[in-house]
Each structure stands twice: as structure tokens, then as C-alpha cells.
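Q: I have not seen this structure before. Could you walk me through a few parts of it?

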Amino acid sequence: ALVRMRDVANSTILPKAFIPVAERFGLMSKIDRWVVERVIKSIDKNTGVRIFVNLSGSSLRDESLLEFIQNAIKGNKLISNCIGFEITEFTNITNMDRLNQWMIGLKEIGCQFALDDFGMGHFSFAHLLKLPVDFVKIESSFIQNMDTDPTSSAIVKAIIKVSRLMGKEVIAEGVETEAVANILSRLKIKYGQGNYWRTPADDNPFIY
């Protein structure tokens with residue numbers, strides 16, 4: 001689920017412009033709640049689609065948001081099987097115990113969790129041992145250069161190997177070319193995202 005804003009001229013404002021401001025003024029948990037509400041409505045209307053929602057580091061400090069999500073999803077297998085949550089490596093997370101609490105709380109009601117942008121931030125393989133994530137999303141800069149840069153290819157293969165040993169599924173981010181898609185296929189990667197398959201667009205049934 002990709003959140004966007006519209007200005008007074010109905011032009012699109014991207015997250016990098018408004019998310020830092022929202023975090024500075026303590027508004028991110030309200031935005032995350034708004035996104036979760038609309039994703040739940042989308043899943044109700046479009047059975048079978050799985051949607052992942054990004055959570056900001058500041059939202060993890062709002063226990064009422066966790067309770068809201070649990071109450072909105074608990075007991076509804078249709079929703080819990082089709083909604084997942086992501087934390088990016090670049091999120092400012094100061095309390096790993098709280099993150100672990102969130103993951104356990106959401107997994108208890110049937111949701112899945114992904115660690116986004118793995119490989120470029122402060123998370124490490126040691127964190128994978130401690131955090132009950134289901135998916136590891138490999139940062140796009142490694143994926144995009146796999147067919148031309150031996151170092152990127154080696155890093156991706158290392159992340160895949162260690163993640164699988166830990167029982168985590170791997171998602172390749174930023175797949176832009178057929179050559180890279182073929183390499184990932186040979187490595188038996190089940191999941192990927194990128195412009196090679198489809199670009200983000202507003203003309204879809206989940207836009208609000």
C-alpha cells in the first residue's frame with residue numbers, strides 16, 4: 001500500500017516530502033491508522049489480494065495503534081490472511097524490544113511481517129535471529145546490479161542463504177529487467193517487486 005498526498009492543485013506529493021514532516025509533528029500513527037483502515041476496506045471488497053502496510057518507527061511507540069489493529073483484525077481470517085506489515089531498515093527504531101512486541105502481537109492474530117530494505121540500514125543477520133519476521137526484502141540497489149556487479153550478486157546470494165537457514169522467505173525489491181528476473185528465478189526466489197512486472201499506478205481498485 002503506497003500512500004500519497006494531493007495538494008490544492010491535485011498534484012501528487014510523494015512520501016519523502018510529507019512523511020518526515022508528519023514524523024516531526026507526531027502525526028505518523030494517525031496516518032498509519034488511516035492507511036490500515038482503508039487497506040482493510042480494500043481487502044473486504046477484493047477477496048484474495050494480499051496487501052502489505054508500512055509502519056513507521058514513531059508509530060511503534062503508540063500502543064493504542066497496535067490495539068486498534070488487533071481489534072480490527074482479530075477473529076477475521078479473511079483479513080488476517082491478506083494483510084501484512086513492513087518495517088524498513090531506514091526507520092528510526094530505538095527500541096528493538098518494542099518492535100519484537102509488535103511483531104509477536106500481529107503474528108498472534110495471523111498477520112505476516114516483512115523486514116524491508118534489508119542490507120543497507122542498521123539491521124543485521126543478528127537481528128534476524130531475534131525478530132520473528134516472515135519475509136526479508138532485499139534492498140533494490142543490490143538486486144538491480146546483480147547481472148553486472150559480482151559484489152552485489154554475492155551479497156544477494158548471502159542474504160538468501162542465511163535467510164533460508166533461518167526459515168525466512170525472501171523478496172527481491174527493484175526488479176527492473178528480464179536479465180535480473182531470470183537470475184532470481186534460477187536462485188528460486190518466489191517473490192519480487194519492481195517495474196519489470198508493473199509500475200505503481202493510481203488507476204487501481206484500491207485507491208482512496
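This is a predicted model: local features need pLDDT of at least 70, side-chain atom pairs count only at pLDDT 80 or more; totals for chains, interfaces and linings use all residues.

Q: At what angle do α2 and α3 pack?
A: Helix α2 (residues 28-45) and helix α3 (residues 63-73) pack at about 5 degrees, and their axes are 10 Å apart. Helices (H or I, at least four residues) and strands (E, at least two) are DSSP runs, numbered from the N terminus. Axes are lines fitted to C-alpha atoms, for helices over the stretch in contact, and angles run from 0 to 180 degrees between N-to-C directions.

Q: Is that roughly parallel or roughly antiparallel?
A: The angle makes α2 roughly parallel to α3. Angles under 35 degrees count as roughly parallel, over 145 as roughly antiparallel, 65 to 115 as roughly perpendicular and the rest as oblique.

Q: Which residues meet there?
A: From α2, Ser29, Asp32, Arg33, Val36, Glu37 and Ile40 meet Ser64, Leu65, Phe68, Ile69, Ala72 and Ile73 of α3. Contact means heavy atoms within 4.5 Å. By class, this contact of α2 with α3 has seven nonpolar, two polar and three charged residues. Ala, Val, Leu, Ile, Met, Phe, Trp, Tyr, Cys and Pro count as nonpolar, Asp, Glu, Lys and Arg as charged, and the others, Gly among them, as polar.

Q: Which residues of α3 are buried?
A: Leu65, Leu66, Phe68, Ile69 and Ile73 are the buried residues of α3. Buried means under 20% relative accessible area, exposed over 50%, and partly exposed in between (1.4 Å probe, protein chains only). The arc is that of the directions from the helix axis to the C-beta atoms.

Q: And what covers them?
A: The cover includes α2, α4 (77-80), β4 (83-88) and α5 (96-107).

Q: Let us turn to α5. Which of its residues are buried?
A: Leu99, Trp102, Met103, Gly105 and Leu106 are buried in α5. These residues fall within an arc of 165 degrees seen down the axis, so they line one face of the helix. Among the elements that cover them are α3, β4 and β5 (112-118).

Q: New topic: where is Asp117, and what is its phi?
A: Asp117 is in strand β5, and its phi is near 60 degrees, a positive value in a residue other than glycine. Most residues other than glycine have a negative phi. Asp117 counts as buried because its relative accessibility is 14%.

Q: What about Lys188, buried or exposed?
A: Lys188 counts as exposed, at 64% relative accessibility. The residue lies in the loop between α9 (178-186) and β8 (191-192), and its phi is also positive, near 60 degrees.

Q: Lastly, what does Met166 touch?
A: Not counting residues up to four places away in sequence, Met166 touches Phe125, Leu128 and Leu129. Met166 and Leu129 are 37 residues apart in sequence and 7.2 Å apart in space, C-alpha to C-alpha. Met166 lies in the loop between α8 (150-165) and β7 (169-172) and counts as partly exposed, at 25% relative accessibility.

Definitions and conventions
Residues are numbered from 1 along each chain as its sequence is written. Side-chain values use heavy atoms; hydrogens and water are left out.
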